[in-house]
2 protein chains.
Amino acid sequence: MALIVQKYGGTSVADADRLKRVAHRIADTRREGNQVLVVVSAMGKTTDDLIALADQVSSNPPAREMDMLLTAGERISMALLAMAIHAEGLEAVSFTGSQAGILTSEAHGEAKIEEIRGFRVQESLDEGKVVIVAGFQGVSPRTKEVTTLGRGGSDASAVALAAAFGADVCEICTDVDGVFTADPRIVPNARKLDEISTEEMLELAAAGAGVLMARSVEFGRRFNIPIHVRSSFHDAPGTWVKEKTMEEAIISGIAHDTSEAKITVHGVPDRPGIAATLFEQMAGHQVNVDMIVQNVSIDGSTDISFTVPRSTSATALEVTEQLASEIGAAGVDIDTDIAKVSLVGAGMKSHPGVAARVFRALSDSDINIEMISTSTIRISCVVRSDRVEDAVRSLHAAFEAELVGEEADV
Amino acid sequence: MALIVQKYGGTSVADADRLKRVAHRIADTRREGNQVLVVVSAMGKTTDDLIALADQVSSNPPAREMDMLLTAGERISMALLAMAIHAEGLEAVSFTGSQAGILTSEAHGEAKIEEIRGFRVQESLDEGKVVIVAGFQGVSPRTKEVTTLGRGGSDASAVALAAAFGADVCEICTDVDGVFTADPRIVPNARKLDEISTEEMLELAAAGAGVLMARSVEFGRRFNIPIHVRSSFHDAPGTWVKEKTMEEAIISGIAHDTSEAKITVHGVPDRPGIAATLFEQMAGHQVNVDMIVQNVSIDGSTDISFTVPRSTSATALEVTEQLASEIGAAGVDIDTDIAKVSLVGAGMKSHPGVAARVFRALSDSDINIEMISTSTIRISCVVRSDRVEDAVRSLHAAFEAELVGEEADV
């Protein structure tokens, strides 16, 4: 008997009708003779609504209480899902992160899963019940406090539970059919990938592909759990994320990200240690810096540009302005109208000239490149945000021959 | 330093603005040098909304999952209230029923509080923090499952916590100013009572006065906790519920209840044991029967009428019809257009003629009495539901001289 972990995101359980559809699908999986462990997110916009309420009562809510508040979201969806599965004639039981033994670090709002002590989950699975576990949450054994796992937390819960119980597969069930060569809303002929390597999936996730968070991919790789990204609403296969794929595509996909802002410090005196100080301070303020570009020094001074999530750009700007005035830089500016487009593919390691083709394709579409950053399997360019969709389309067209995958049915 | 327990109902925390007002009031109580333990209900209509969602996904949701679902309501309000108190510059921490050590029986949806092991609550109070506890919920130590306490559960949580921690007072903070001689929406010159005996409060609660549930009054009496029913929104004193009151009023108040239905069995053969069987079966189906009237037997058969909560009247009717056909009764009918009006007062024990004055007052207002039931300190009459407000006003006018209390400011 196989153990299948299925994770359903908020869109998949956004209302009673969708909950019932998902319950029916889970029940089918159980009736096929599998053990089923389900991880569920909060319904639709519940988490956003709760955050909005918190904002109304406090400008600086304590992180412990924020976690108390937000964990109510999955509590609601998991109980409703258990009821809906029960209505399908099957036994089901829901557990909070704490009840499921998801032990985490103490960091409220961004806790890390340290261990899973899933006695109650195992017992219920052994009794033949469908087990529903609240995603995104756990408990710190040292403080006995409820914690949340931060962005992508429900996927992390699912992969961690799959690892802890030796699941045969962790299915990430979502409102799209799998991982695509580009966002099908922008590129209508984007293709669904049948499989993708963890390495490429990590780069796509980092480049803005929202379908699966990087931390879950890493977790799956570490514990050797096959991840299957597929639709919540039908049974067609989606995309398998595997350590090694059968065939190494030159290019696996094009991702884009419109959530960042660019900060530039002008006229930085060319002394050692300034960049180190700046980015140490960013880390100290919990700002994740993505791309960093420093031009060659001219006349003893240089410019440093970097991108940060727009949600933390106010903090980043404040820290940068403070430092700029201390070191006597010429000035600081921030640009929120940027976007990043990235080409990802493990095969580009062995195929020289990919970068040049990227720059040529963008140039042929009159798209100006403002920053460039590369890894061995990724090329990212910052462009004006109003040109990013054109950039995705132009790169998809330029690399169409190399893109593996089936035609999208969208 | 006094320990004050304050309970806030759903209406008092219905939105962010009300939450902030309540937080300010709690902060004031703490700043006056008291220890403060707050019990909070779910915001506004949250519980009803969650029940409606459950109804949409299942016609018969498992009670365990229903408790899981509903306990999300207080989790949200308690965390937001802790944030709002924090915004007032004070330390506050919220606990679920389980975290607060509220140990209950196993009966989901109607658990009874058995013991309170409030280590975490005590520790936080000792540290000077305002402690917020989720009302209405607890945990069964035997099954390790989350439970809810049923109707009036948050009041019960508050009084039980007050007893466990030896509080100086349990304040039931609500959207009215205290206990009134009648519903001020119906009787504009109803008066607020400064104090009322537990015995009278119990009868008023049983007669439909919604301000405080009977189980909390009983709890307060058993553990000798003074209960103060007062407004959530201002500091004027409300009504003290005490074991003994200074002066025994002849009449303390008039309550009414429109939530019941009347079932009548006609032509019941006059044999022993039939009433016992009927009401045993009602109890077996969890139907709480309120008033029971059986007329004297005429020609070997009689009629039995009784009232039940309208929410369980379908079950009650089914049970009654089944039994009626078994025993050869003439027929069964149900009447949902009834209401009950009750006069309550400890002094009526020593003042004969109160019942006669009640019947006269109703008769003078052309209100027909359909059933009568009395205790030593209460007289209840069933009337047509469309006449109940007239009945309340007519009784209030007839007994105005005997009603103690101050003029309502409404």
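Colleague: Where does His351(A) lie?
Modeller: His351(A) is in the loop between strand E19 (338-344) and helix H10 (354-364) of chain A. Keep in mind that this is a predicted model.

Colleague: Is His351(A) buried or exposed?
Modeller: Exposed: His351(A) has 12 other C-beta atoms within 10 Å, and the cut-off for exposed is 12 or fewer.

Colleague: OK, zooming out. Which domains is chain A divided into?
Modeller: Domain 1 covers 3-175, and domain 2 covers 245-410. Taken over C-alpha atoms, the centres of those two domains of chain A are separated by 34 Å.

Colleague: What rotation superposes chain B on chain A?
Modeller: A rotation of 179°, with 0.0 Å of shift along its axis, and the RMSD is 0.1 Å. The two copies are therefore related as by a two-fold rotation axis.

Colleague: Which C-alpha of chain B is nearest the axis?
Modeller: That of Ala72(B), 2.4 Å from the axis. Both copies also use the same surface, since 100% of the contact residues of chain B recur in chain A.

Colleague: Let's do helix H3 of chain A. How many residues, and what does it span?
Modeller: H3 (residues 63-87) of chain A has 25 residues and reaches 37 Å from its first C-alpha to its last. That is close to the 36 Å expected at 1.5 Å a residue.

Colleague: Why is H3(A) said to be largely enclosed by the rest of the structure?
Modeller: Because 23 of its 25 residues are buried. After H3(A) comes Gly89(A), with a positive phi near 90°.

Colleague: Which residues have the most contacts inside the largest nonpolar core?
Modeller: Val38(A), Leu80(A), Leu81(A), Val38(B), Leu80(B) and Leu81(B), in a core of 249 residues.

Colleague: Pick Leu81(A). What is it in contact with?
Modeller: Leaving aside neighbours within four places in sequence, the contacts of Leu81(A) include Val13(A), Leu19(A), Val22(A), Val38(A) and Ile132(A).

Colleague: Last topic, backbone angles. What's going on with the phi of Lys144(A)?
Modeller: Lys144(A) has a positive phi, near 60°, and is not a glycine. Most residues other than glycine have a negative phi. Lys144(A) is in the loop between strand E7 (137-140) and strand E8 (145-148) of chain A. Lys144(A) is exposed, with 10 other C-beta atoms within 10 Å.

Colleague: And what about the phi of Gln286(B)?
Modeller: Positive, about 60°, and Gln286(B) is not a glycine. Gln286(B) sits in the loop between helix H8 (274-284) and strand E16 (292-294) of chain B. Gln286(B) is exposed, with 9 other C-beta atoms within 10 Å.

Notes. Residues numbered from 1 in each chain as written. Chains lettered and ligands numbered in written order. Predicted model: local features only at pLDDT ≥ 70, side-chain atom pairs only at ≥ 80, totals over all residues. Domains from an automatic or database assignment. Core = buried A, V, L, I, M, F, W, Y, C linked by C-beta atoms within 7 Å. Buried ≥ 20, exposed ≤ 12 C-beta atoms within 10 Å, placed from the backbone. Contact = placed C-beta atoms within 7 Å. Least-squares fit on C-alpha atoms with pLDDT ≥ 70 in both. Helix = DSSP H or I, 4+ residues; strand = E, 2+ residues; numbered from the N terminus. Expected span 1.5 Å × (residues − 1).
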